[in-house]
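Please look over the structure below before reading on.

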Amino acid sequence: MSNKAQFGSKIGLIIATVGSAVGLGNVWRFPAEAQTNGGAAFLLLYIGCVFLLGIPVMLAEFSLGRGQRTDSVGVFHKLAPKRPWWIVGALAILASYLILSFYMVVAGWTFEYMWQSITGSLYAPVVGIDGSLATDMLDRQFRTKMQEYIMQDWKPLIPTYIMLAINLGILLMGVQKGIEKMSNILMPMLFVLLLVFCGVSMTFPKAIDGLEFFFRPDFSKITPGVVINALGQAFFSLSLGMGILITYSSYFPKDTKLGKTAVTVSMLDLLVAVMMGVIIFPAVKTFGLDEHGLEGVTLVFVTLPEVFAQMPGTQIWSSLFFLLLMVAALTSTISLAEVSIAFMMDRFRMKRTAACLTVILPLFVLSTLCSLSQGSLSWLKIAGLNIFDFLDTMATNVMLPVGAIFTCLFVGWCVPKGYFKDEITNNGTIRSRIYRPGLFIVKYVAPILIAVVLISSFL
């Protein structure tokens, strides 16, 4: 497609692609996974999964997107026009849209908590009998506040709709003026905020204890379940199998060095995850929060407000953190939505405005259902799960790994001979040390390991 949109600069495409990978998976999900899976042992496995599998699979998706310059369904149509491989691309688009449906709800929570942090309403004073700050009362307060908030029918919908409107506004501006410009502003802001919080966490009395938990591995903690969780987190945080990287790489200029880009994006994505660990675990050890149990929602919306309430400048730090989280949420939702928008534009020849409206408007209904499933629709179960949890489980635990397996098989075995090499070496104009080991992993290692993980998760 000669008029295919492109990122305007090399640094812009790097930042935008990093933004598509860095998001709630790193800031919201990674610390909780590290906490429940042994800290440093999990981190070590996670790093191994990123280098051994994440980068090669990312290269496979980059080769499809940059090579064919179309959407996630179109790349399979063009390379295998008479075979049903397009189903793999359709699965990725469906998975990304399902994730987007409940991610918008979480994005709305981040907006609400940022607003409550700014106004101070999140931190009503809680004191013990002797007039001192009561940690157990703080914990109970923030748990109750979060539970009562998400169970309301209409209050959580307002910030969700605000985030939907912000997404629509950015997406309507297009690839360069919307996605790339947004990433150029928000991603440096995210890294600056992360650095600030890393500095703050180093001032906590038990910072060394927290860093020891996060960086000194206890190999007895490594179990098959921990390995499975590390691999799943690596794929989730790198946005593999969602169609995002195929879509974004279709906007790469033809001279983009895919190997260098994949390594850079993966390293920066990994850096954000490590920085979040550096922020979280010194606070956890200092404020004695180990026994509370850290899970995704609990970690961000309960545990961290409890930490901020015990720090000088509570509202400032809380506002900055939830601004950081909202930035991460926005980069996630924008990239997820772009997968479906590119599909509508390429497959149905829609103008960008029509495609954006077609993708975003149904989310006002789907995200409403996901939000209400925490409250008045909690009785509505699918396979024993509410709508929010069912979409999360189906998309992330089933559809993403299945899509990743077949994407690897397609690139490794079904594309024309030499296709992967030509894409990685820019038709022989550059040398690439990553090509041969990358192809071997894509053909043999990744499909087998991902299949093992998928099967093990059901046993």
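## H7 against H16

Leu157, Thr160, Tyr161 and Leu164 of H7 touch Leu363, Phe364, Ser367, Thr368 and Ser371 of H16. Contact here means heavy atoms within 4.5 Å. Sorted by class, this contact has five nonpolar, four polar and no charged residues. Ala, Val, Leu, Ile, Met, Phe, Trp, Tyr, Cys and Pro count as nonpolar, Asp, Glu, Lys and Arg as charged, and the others, Gly among them, as polar.

H7 spans residues 157-172 and H16 residues 363-372. Their packing angle is about 145°, with the axes 11 Å apart. The crossing is right-handed. A crossing is right-handed if the near helix is turned clockwise from the far one by less than a right angle, and left-handed if anticlockwise. Axes are lines fitted to C-alpha atoms, for helices over the stretch in contact, and angles run from 0 to 180 degrees between N-to-C directions. Helices are DSSP runs (H or I, at least four residues), numbered from the N terminus.

## Basis of the model

The model is predicted: local features need pLDDT of at least 70, side-chain atom pairs count only at pLDDT 80 or more, and totals for chains, interfaces and linings use all residues. Residues are numbered from 1 along each chain as its sequence is written, and side-chain values use heavy atoms, with hydrogens and water left out.

## H9 against H12

H9 (residues 207-215) packs on H12 (residues 258-286) at about 130°, with the axes 7 Å apart. That angle makes H9 oblique to H12. Angles under 35 degrees count as roughly parallel, over 145 as roughly antiparallel, 65 to 115 as roughly perpendicular and the rest as oblique. H9 crosses H12 in a right-handed sense.

On the H9 side, the contact uses Ala207, Asp209, Gly210, Leu211, Phe213, Phe214 and Phe215. H12 answers with residues including Ala273, Val274, Phe281, Pro282 and Lys285. The class count is ten nonpolar, three polar and two charged.

## H2 against H3

The axes of H2 and H3 (residues 40-68) come within 8 Å and cross at roughly 125°. The two helices are therefore oblique to each other. Asn26, Phe30, Glu33 and Ala34 of H2 meet Phe42, Leu43 and Tyr46 of H3. Five of these residues are nonpolar, one is polar and one is charged.

## Cavities

How many cavities of 30 Å³ or more does the structure hold? There are three. A cavity is a set of points on a 1 Å grid over the protein atoms alone where a 1.4 Å probe fits but cannot get out; lining residues have an atom within 4 Å of a point. Of its 17 lining residues, Tyr103, Phe236, Ser239, Met242 and Ser332 are closest to the centre. H1, H2, H5, H10 and H14 each give two or more residues to this lining. Nine lining residues are nonpolar, eight polar and none charged.

The second largest cavity has a volume of about 70 Å³. Its lining includes Phe197, Val200, Ile279, Leu304 and Phe321. H8, H12 and H13 each supply at least two lining residues. By class, this lining has ten nonpolar, one polar and no charged residues.

Note on methods
1 Å grid on protein atoms, 1.4 Å probe; cavity = no way out; pocket = protein on both sides within 12 Å on 5 of 7 lines; lining within 4 Å. Points joined across faces, edges and corners; volume = space filled by probe spheres on them.
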